[in-house]
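Visitor: I have this one open on the screen and would like to go through it. Where do we begin?

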Amino acid sequence: MLLKSNLRLLLAQLDGLAETPYFSSDLDQYINELRAVLAELLSRLESCPPRVDPDLSQSIAHGVWRLIQFLTGSTAKQIPYEVVYAIERAANDWGTSKLLITTAIIQEANFYFHSIDRDFFNFIERELGIKINYQPVQIALPYIYRHKPLFCVPLFHEFGHFVDTANGIVIISLLNSSEAVGPDLPDVKPSSEIAKLSGQEREYWDSVVMMHRKEYFADLVSVAYVGEAMLGFLKEFIPNDKVSASHPSSVARFKLMTDFMDGTNNPIINLFQDALSHRGFPPLTRRFQPVAIDEIFGNVRPCQLNSDENVFGLFESGWKFLQGMVDNPSGLWKTLSEAEIERITNDLTEKSIRNRMIMEGWRATANP
Amino acid sequence: MLAAAPDSNSMFGLIHVVLASLAQRSKISISDSLKDHLFKVLQDAFAIASNPILINRDTSVEALELALRIRKINSLMQQISAIHSFEGIQADVAEKLLKSISHYAT
């Protein structure tokens, strides 16, 4: 009874969401595809005898329920459209499937990513005959940052987790170079010692190595797109976090990110570059171009962004501008408070990206 | 928390359901397509765990993740090498596979 009730409740929620027009027609289509899945599942469960196994139905229902969780932010008109746009552009570098960024707005000081395997959708298509055309990239961000694009740069780290999970990058790195082989990770038991362990202790350290590699890879993806904006944000968000089972220390993360940006040889970076090549991806490199905004933002005007590389680069340039004006305000900004400097810089960043979105939409309409 | 939450980023949701049914010898009705899928994932995972050089851009993430879990369990690797169809997956192997994919959260 409860399973069918859950499906009806979820369907009603999606029906409600589907009645509202959204900024994104892709989102509308995705919602309609999920509605079709629930309706078909319910129909098969309600027939006598049921035409689908209840255990499998339960698993599918839970999967769809988790997908809906990340529609709440996407459909509440609270999502940072401009940052989501930037991540959608970044997603073009990582595969051919149609990626859809969905977001959840949360009331906590955290960002996170929630994966869904493409095989889950393949299975739904085979079992229920319903094709879901989008692969969601599900990310959650704090409510207070929804209109602060420069404070949303950790979403690029979360996007890095998506790239990893969707392509098995860290898993490939472990299959090629296991925990017992290395390279050694900072603050973690050396690989030569892990090799001598067994049982639960070995499992624990294997897990630590995997989790740390995942965090390092996501960090590298984020600095590849937004450079020093990510490093600068993390230095203020987690200035001194100690190493834990799930995360490397702040110091170790900053060092790896700096090595990447400086082009310093680092065996951990090489490990991921090798794994990427197994999937046919080019090596991770700097994917952004800084934007000359000092004069334009200095005159409190949004800037023109001529390429995706510029869109990514605006995060680093905007972050540096913000830091510079807070430390040493000049020109029109001299009389502004720190709070105003922060607000206006974020606003200008948001408007600059929005202008590009509008221009792009305009061109697409004019040249269909 | 009311019940054990599934690992939010695990790729094994449906495979877990099927393996659990095999391990418990329950009478879950499994479609041929899901049987084919599980058997292919198992075959690919075994091949990759034996020789990671076989990884390519088409290898499924489920197979990669399963390969990672089973590669160090020699007895399980031996048992998998003798499986040639979905019907050949015995309850004890399903039990071991379930244990391997529950080993640590990702």
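**A sheet, a partner chain and some domains**

Visitor: Which residue in E3(A) stands opposite Phe113(A)?

Guide: Ile139(A) is the residue of E3(A) that Phe113(A) faces. Residues are numbered from 1 along each chain as its sequence is written, while chains are lettered from A and ligands numbered from 1 in the order in which they are written.

Visitor: And what stands opposite Thr103(A)?

Guide: Ile139(A) of E3(A) again is what Thr103(A) stands opposite. The elements named here are DSSP runs numbered from the N terminus, helices being H or I over at least four residues and strands being E over at least two.

Visitor: In which sense do E1(A) and E3(A) pair?

Guide: In the parallel sense, over nine bridges. Two strands are said to pair if DSSP finds at least two bridges between them. Strands of a sheet pair through backbone hydrogen bonds, either parallel or antiparallel.

Visitor: What about E2(A) with E3(A), parallel or antiparallel?

Guide: Antiparallel, with three bridges between E2(A) and strand E3, residues 134–142 of chain A. Tyr112(A) has Ala140(A) in E3(A) as its bridge partner.

Visitor: How many residues of E3(A) are buried?

Guide: Seven of the nine, so to speak mostly covered. A residue is buried if 20 or more other C-beta atoms lie within 10 Å of its own, exposed if 12 or fewer, and partly exposed in between, with C-beta atoms placed from the backbone.

Visitor: In what order do the strands of the sheet come?

Guide: E1-E3-E2 in chain A, three strands making an open sheet with mixed pairing. Strand E1 (98–106) and strand E2 (112–114) of chain A are at the edges with a single partner strand each, so each has one side without a neighbour in the sheet. On average, neighbouring strands of this sheet are turned by 25 degrees against each other, direction ignored. Helix H5 (residues 81–91) of chain A packs on the sheet and touches E1 and E3 of chain A, its direction making about 145 degrees with that of E1(A). Axes are lines fitted to C-alpha atoms, for helices over the stretch in contact, and angles run from 0 to 180 degrees between N-to-C directions.

Visitor: New topic, chain B. How many helices and strands?

Guide: Five helices and zero strands. Of the 106 residues in chain B, 36% count as buried.

Visitor: What is the average pLDDT of chain B?

Guide: The average is 82, and 82% of the residues score at least 70. Residues 1–9 of chain B have a pLDDT below 50, and this stretch has eight contacts in the model beyond near neighbours in sequence. Contact means that the C-beta atoms of two residues, placed from the backbone, lie within 7 Å. Where pLDDT is low, the predicted coordinates should not be read in detail.

Visitor: How many residues does the contact take from chain B and from chain A?

Guide: Chain B gives 29 residues and chain A gives 28. On the chain B side, helix H1 (13–23), helix H2 (32–50) and helix H3 (61–70) are the elements that give two or more residues. H3(B) gives the most, with six residues. The model as a whole scores ipTM 0.85 and pTM 0.89.

Visitor: Back to chain A. Which domains is it divided into?

Guide: Domain 1 (2–165), domain 2 (168–278) and domain 3 (294–361), with bounds from an automatic or database domain assignment. The centres of domain 2 and domain 3 of chain A, taken over C-alpha atoms, are separated by 32 Å. Six residues of domain 2 are in contact with six residues of domain 3. On the domain 2 side, helix H10 (199–226) and H11 of chain A are the elements that give two or more residues, and H11(A) provides the largest share, three residues.

Visitor: Met230(A): which helix is it found in?

Guide: Helix H11, residues 228–237 of chain A. Met230(A) counts as buried because it has 27 C-beta neighbours inside 10 Å. Leaving aside neighbours within four places in sequence, its contacts include Val153(A), Phe156(A) and Met257(A).

Note on methods:
This is a predicted model: local features need pLDDT of at least 70, side-chain atom pairs count only at pLDDT 80 or more; totals for chains, interfaces and linings use all residues. pLDDT is the predictor's confidence in each residue, from 0 to 100.
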